[in-house]
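I opened this model to look at packing inside the chains. My notes follow in the order I looked things up.

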Amino acid sequence: MNYSRWTPFLFLAPALAGLAVFRFAPIVVAGAGSFSGMTLTGALEFAGLENYRWLLTDPAFWDSLRITLIFNLIINPLQLALAFLLAMLIFQPGRGIWVYRTLLVLPMAVSTGLSAVLFKLVLDPNLGPLNGILEWAGIGAQPFYRAAEQAMGTLIGIATWKGAGYWMLFLLAGLHAIPASVQEAAMIDGATPWQRFRLVTLPLMRRPMAFVLVADTAINFLFFAPVYILTGGGPNGATSVLMFEAYRSAFTFSDIGRALAISSFLLAILAVIIVLEFRLMRSPEDRR
Amino acid sequence: MTIQRRQFLAGASGAVLMGTTGLARAQTASLSVPWMGWPDEQVAPLMDAFEEASGIGIEYERLPITELFNTLEVRLSARNGLPDAYLVDGPLTASYAARGHLMALDGLMEGELGRYVPSTLVQGSYDDTLYALPLGTSSQVLFYNKAHFAEAGLAEPSADPADRMTWEALLELATALTGKAGEFGFAFENTNPYQLLPLPQSWGAEVIGPDGLTATGYVDSQGFIDAMTWYQELFTRHKVAPAGTFEGGIMQEMFGSGQVSMMVGGTWNLEGLKRFADLDFGVVPHPYFASGKPVTATGSWHLGINPRSANLEAAKAFATWLSTPQAMDLFFSLRQYPPALEQIWEERAGTTFVDPAWEIVQYELANTATPRPITPGYREYEEFLRGAMRDIQGGADVAESLARAAASIDREMRKYR
């Protein structure tokens, strides 16, 4: 067997190349591009810190940052909690459990864009069937994504409808990985179901939960398609998350410098938040 | 081993085959042309006629209006050969031309410009050069359902521009009609600056600064706020109009099917409403505010050529063909935009244009038609203002929405200063 210390790297090379081309290169391009501007005729020119200076003095940017943070402060814990709850509910084998499992995972099969289009029809304030049902039930029609007060909630609802089942799968795998012997030992020691959940299940679920929280955060900071399809950042800027601001700058207003500055800023915040999340989710053993 | 070689050969021959079809395509140029999302029966006959006349293939994509603008923006900013030619909304000529996305057409149309209605050439020009070939202009009129008026016991409004209805009178009619014969008394066909700018303009407000690059102080001026507050109350206070109907074509459907009794809309409805066999409608001039002056929307579609197109000759042939009376008469018969060629006006003077609706249109084009702001930043202006108009319709605070739009427009205008 011809083995050298480089052999592992040989096998890793394709994955590393993919990572370099599809992950690191765009980050470098965005970072460098955020210090440049584009003339009207499409020529790139060095702009120094101008894009960032503009951004930091632009109230629309601060509004958008606030909206992005609020969105994530709500949606990430919500999706994690719901995913965990769903995983616990369908963890215990029972008759017909596969029906529930299928139902919960089904939204995954619908693409994000398509689910936004579906909900646009279902929630249409004038013609949508949901308002028909609400009126029939005496609750009254709701404006949903057309009103500033409800738009963010509507988007969170749609994203969670699609996301909860997906993240549940990872937590379900985590639950199955907890050795039955540990639970049995706790039972023999006389632990109540609540004690077993709090002192055995929860601590052993730290790692899958950390993964779900971090991955979910990364996805939700880049939340875009439903905003584009349903609200266009409105009403009155209520759903103008940073990704949408960046998109509009790049593709509607041909201001590529501002778009890349927003993207770079977003990446920096995301990195900080993910580091914080990892620290938060670290188990006591890892801390030593 | 043999299997591998066979697979390789299959792959290689496939690649060769793809290569040759690529060549064949390049020889018989096929134009890529994004188009408006009108019903296909209003688009296909025009494209078929061009293919037949020229032998040049054309691949057109029908896109809903906002998608059209977004798609064009993304494709043009790639600065490659696609699309070959595209539909240009009149006020966007300056925006595309300033950024090098339009080929100058002066050479191509040399000696031909005298055949056009002058205002359409103004819309298609930037820096005294024609960049976008006019296909038509536009005008807005008030459509009303005659049966609904009879049912509610109301006298029909006058078609004489001298006797033009005020918005105040329209509101009274709309209130009387709402819930009687139709569900809603009145609606604007669309929710965008093209359709709604005549409200603040009729109120007496200026809608953009004299430099064409300043929105603050204009879009958020008191006159603009008052006019848009009046607009908002149609939906929130008087409830005579259906809110949140932003999809193209919905309002024609609602008026045609009798859900809405009056509609301000474009001349294309004269053709489009024919499919509602039971509908008996009348046409009267666009209303105005009693305290202000009559103002109507105008401006329309043009054809632009991408200067980077790999099929420039074919694209020019398309433009040249679209300047012929035959092509423009066909375009008119499909969509009924007021023609850009003087010849169509003359040829149809004794037939189509004796219709009272077209007499109103000719009066408006000569007297009240007011083009949208002329600015290289019209794209930005329209995008933010359309958002604000939709929010206002949905009940958002009018002054706040307009102030936000004005600030955003000014921010994006900086690149043109």
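I started at B:Leu234 and listed its contacts (heavy atoms within 4.5 Å). Leaving out residues up to four places away in sequence, B:Leu234 touches B:Leu171, B:Phe186, B:Phe188, B:Lys239, B:Val240 and B:Ala241. B:Leu234 sits in helix α10 of chain B. Helices here are DSSP runs of H or I with at least four residues, strands are E runs of at least two, and both are numbered from the N terminus. Is B:Leu234 buried or exposed? Its relative accessibility is 0%, so B:Leu234 counts as buried. The cut-offs are under 20% relative accessible area for buried, over 50% for exposed and partly exposed in between, with a 1.4 Å probe and protein chains only. I also checked B:Trp268, 34 residues from B:Leu234 along the chain; their C-alpha atoms are 25 Å apart.

I noted the ground rules at this point. This is a predicted model, in which local features need pLDDT of at least 70 and side-chain atom pairs count only at pLDDT 80 or more, while totals for chains, interfaces and linings use all residues. Residues are numbered from 1 along each chain as its sequence is written, chains are lettered from A and ligands numbered from 1 in the order in which they are written, and side-chain values use heavy atoms, with hydrogens and water left out.

Next I looked at the cores. A nonpolar core is a set of buried Ala, Val, Leu, Ile, Met, Phe, Trp, Tyr and Cys residues joined through side-chain atoms within 4.5 Å. The largest one has 103 residues, and B:Trp35 and B:Phe318 touch the most other members. Helix α10 (residues 222-236) of chain B gives the largest share, 8 residues. Domain 1 (2-137 + 299-362) and domain 2 (140-297 + 377-416) of chain B both contribute, so this core lies between them. A second, separate core has 23 residues, among them B:Ala187, B:Leu270, B:Phe276 and B:Phe353.

Beyond four places in sequence, its contacts include B:Val43, B:Leu46, B:Met47, B:Leu135, B:Leu303 and B:Phe318.

The domain bounds come from an automatic or database domain assignment. The centres of the two domains of chain B, over C-alpha atoms, are 30 Å apart. Their contact takes 19 residues from domain 1 and 15 residues from domain 2.

One helix pair in chain B got its own entry. The axes of α2 (residues 44-54) and α14 (residues 325-335) come within 9 Å and cross at roughly 165°. I count α2(B) as roughly antiparallel to α14(B) because of that angle. B:Pro45, B:Leu46 and B:Ala49 of α2(B) meet B:Ala327, B:Leu330, B:Phe331 and B:Leu334 of α14(B). Axes are lines fitted to C-alpha atoms, for helices over the stretch in contact, with angles from 0 to 180 degrees between N-to-C directions. Angles under 35 degrees are roughly parallel, over 145 roughly antiparallel, 65 to 115 roughly perpendicular and the rest oblique.

A:Phe61 lies in helix α3 (residues 59-91) of chain A. A:Phe61 counts as buried because its relative accessibility is 1%. A:Phe61 and A:Glu245 are 184 residues apart in sequence, yet 7.9 Å apart C-alpha to C-alpha.
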